[in-house]
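User: Please take a close look at one part of this model, the surroundings of the ligand. Then follow the elements that connect to that part.

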Amino acid sequence: MYEDIIIALCALLAFVLALRGSRTKYEEGVPVVPALLPWLGNAVWYGTNPVKYLKQCQERYGHAFRLLLAGNRYLVVSDALGVHSLLRDKQKAFTTFPVHRLMTKTVGRVTQDFDVVQIMMERLFPIINKECSPEHLDRLAFSFNGELSRQFGAVDDQVRALPTSLVTPLSSFITKHLYCAASKTVFGPLFPFETFADFEYLEKNITSLLSLSHLLYTTRAWHDGQLHGASEMATAMMSAMKDTQLSKSDVDGTLLTFMWGLHSNTFRIAYWFLAFLLNDREIFDRVKEEIDTELRDHYGGDLNRAVSSPSSSLDKHFPLISSGIKETMRLVVLLNSLREADTDTEIRTSAGPLQIRKGDILMPNVNAVHMDDNTYEDAKTFRLDRFVGDEKSKQTHLGFGGGTHLCKGRFFAVHVIKMLTIHCVRLWDLQLTDASGKPIVGNLPPPDPRSSGFLMPSVEVYLHIRPRDAPSNNRTVLN
Ligand code: HEM
């Protein structure tokens with residue numbers, strides 16, 4: 001209701017501006033989107049539907065334009081070449097420093113934010129990069145696989161004991177199990193899992209969060225040297241921070257920020273991947289067949305053997321799942337992190353060089369690249385096998401960002417989502433419904449139009465879980 005009023009007001013303002021015949025202004029040769037309101041600029045309109053708004057601007061002003069949003073001026077870049085050359089940043093002209101600073105202040109509530117970000121970028125990211133690399137991933141992957149198997153074993157016992165399906169919101173199912181398995185893997189058995197409710201709260205209220213005493217409690221225990229069972233990654237990060245002058249609470253805050261980053265993006269991709277699979281029975285059946293065939297051909301049909309195999313083995317097999325995860329990211333990741341220009345420079349775009357001035361905040365519009373039908377045929381459609389055997393999408397698939405700041409946890413993230421999918425599909429028959437129990441097949445609710453960094457669900461959907469080999473009278477009949 002309020003949104004409709006806001007949209008109507010914005011439309012009216014835009015109409016008035018159009019009547020005034022406002023000619024497009026340029027700064028440094030880049031068109032400037034006329035600001036509808038002082039200081040706020042176009043934030044209200046952008047906020048109601050960022051994807052649609054940026055698309056409209058792109059149609060009107062081209063692949064690069066300047067936009068005022070809540071006091072910040074952004075230079076939005078929307079074409080593949082422009083985004084790619086911005087992310088690759090060969091001249092080292094751009095920094096992500098302000099973004100990490102904002103995150104550590106908001107999520108971790110750190111006080112020495114400048115030092116924290118420097119330490120994160122120089123000392124912690126290389127550790128994450130190394131521990132999540134294909135060469136070292138097994139240290140994390142084995143532990144994660146074991147944890148996930150244990151948890152899903154318990155769910156399976158519960159499912160088998162029920163006369164009907166187990167019904168659970170899809171998002172809580174994914175986040176709870178990944179939170180517990182990945183946190184235990186990374187932070188060790190001391191990690192207090194009852195913090196899950198706090199974490200969900202953090203996810204939902206990231207900007208208004210005030211304190212997370214349970215999570216901070218754990219990290220405080222670590223200051224006393226109780227690192228029992230934590231991953232090499234967390235241990236190395238802790239000792240890297242011990243060498244610094246950071247206060248205890250800033251170390252807590254840094255770890256909390258890391259933990260949030262570790263989980264939240266992975267949850268989102270896992271959520272949408274399962275939702276896309278369950279929304280189309282044909283796609284789901286193809287994945288099921290791949291899992292059964294690959295498990296039979298490479299692991300003697302035994303899920304436990306796959307679980308205890310090196311991560312490189314999983315990486316080699318299950319090509320449809322790998323492609324589906326990449327395809328999900330293509331559809332779901334909307335923006336990569338912002339960049340700030342450290343110096344006057346230029347980047348290449350399809351329309352020629354784009355001049356950038358020192359201090360410009362650049363917004364790489366990844367969604368525009370991912371949704372370009374010239375790059376990805378039938379771009380709006382989820383195609384499970386789009387990336388099977390694909391070597392060419394390096395410049396145009398930007399789900400993990402690119403260049404120097406390419407996601408450091410990408411191999412771990414893909415492993416986690418793959419394991420989750422293999423377990424769920426191998427163990428259970430799964431179906432999605434809405435809150436009233438009406439099946440969702442081919443009619444997945446549209447995402448929240450206000451989604452900005454990632455697509456977000458607009459309403460909760462429910463997962464119905466029953467044993468795969470259950471007799472038909474044990475089924476929840478869905479149509
Ligand atoms: C599917 C899940 C994930 C997605 C889609 C994702 C995506 C991204 C994106 C888009 C960026 C920004 C890249 C850029 O600005 O160019 C990023 C950065 C980063 N990610 Fe991930 N990420 C995921 C999981 C993870 C995990 C599990 C970890 C840790 C284990 C992680 C650690 C990082 C770090 C440390 C950076 C900062 C890199 C830098 O600035 O140098 N990510 N990620």
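**The ligand shell and its neighbours**

Helix 6 (113–131), helix 12 (248–278) and helix 18 (410–427) each supply at least two residues of the shell around the ligand. Helices here are DSSP runs of H or I with at least four residues, strands are runs of E with at least two, and both are numbered from the N terminus. The model is predicted: local features need pLDDT of at least 70, side-chain atom pairs count only at pLDDT 80 or more, and totals for chains, interfaces and linings use all residues. Residues are numbered from 1 along each chain as its sequence is written.

The shell holds 25 residues. The closest are Asn265, Gly401, Cys407, Gly409 and Ala413. Helix 12 gives the largest share, 5 residues. By type, the shell has 13 nonpolar, 11 polar and 1 charged. Ala, Val, Leu, Ile, Met, Phe, Trp, Tyr, Cys and Pro count as nonpolar, Asp, Glu, Lys and Arg as charged, and the others, Gly among them, as polar.

Now take helix 6. Helix 5 (residues 97–106) packs on helix 6 at about 115°, with the axes 9 Å apart. Axes are lines fitted to C-alpha atoms, for helices over the stretch in contact, and angles run from 0 to 180 degrees between N-to-C directions. Helix 5 and helix 6 are therefore roughly perpendicular (65 to 115 degrees). Helix 5 contributes Phe97, His100, Arg101, Thr104 and Lys105 to the contact, and helix 6 contributes Asp113, Val116, Val117, Met120 and Met121. Contact requires C-beta atoms, placed from the backbone, within 7 Å. These contact residues divide into 5 nonpolar, 2 polar and 3 charged.

Three strands form an open sheet in the order 6-12-11, with antiparallel pairing. Two strands pair if DSSP finds at least two bridges between them. Strand 6 (166–169) and strand 11 (428–433) are at the edges with a single partner strand each, so one side of each has no neighbour in the sheet. Neighbouring strands are turned by 25° against each other on average, direction ignored. Strand 11 and strand 12 (residues 462–467) pair over 6 bridges in the antiparallel sense. Within strand 12, Arg466 stands opposite Asp429. Helix 8 (residues 170–187) lies across strand 6, strand 11 and strand 12, and runs at about 85° to strand 6.

Definitions and conventions. Near = placed C-beta within 6 Å. Parallel < 35°, antiparallel > 145°, perpendicular 65-115°, else oblique. Contact = placed C-beta atoms within 7 Å.
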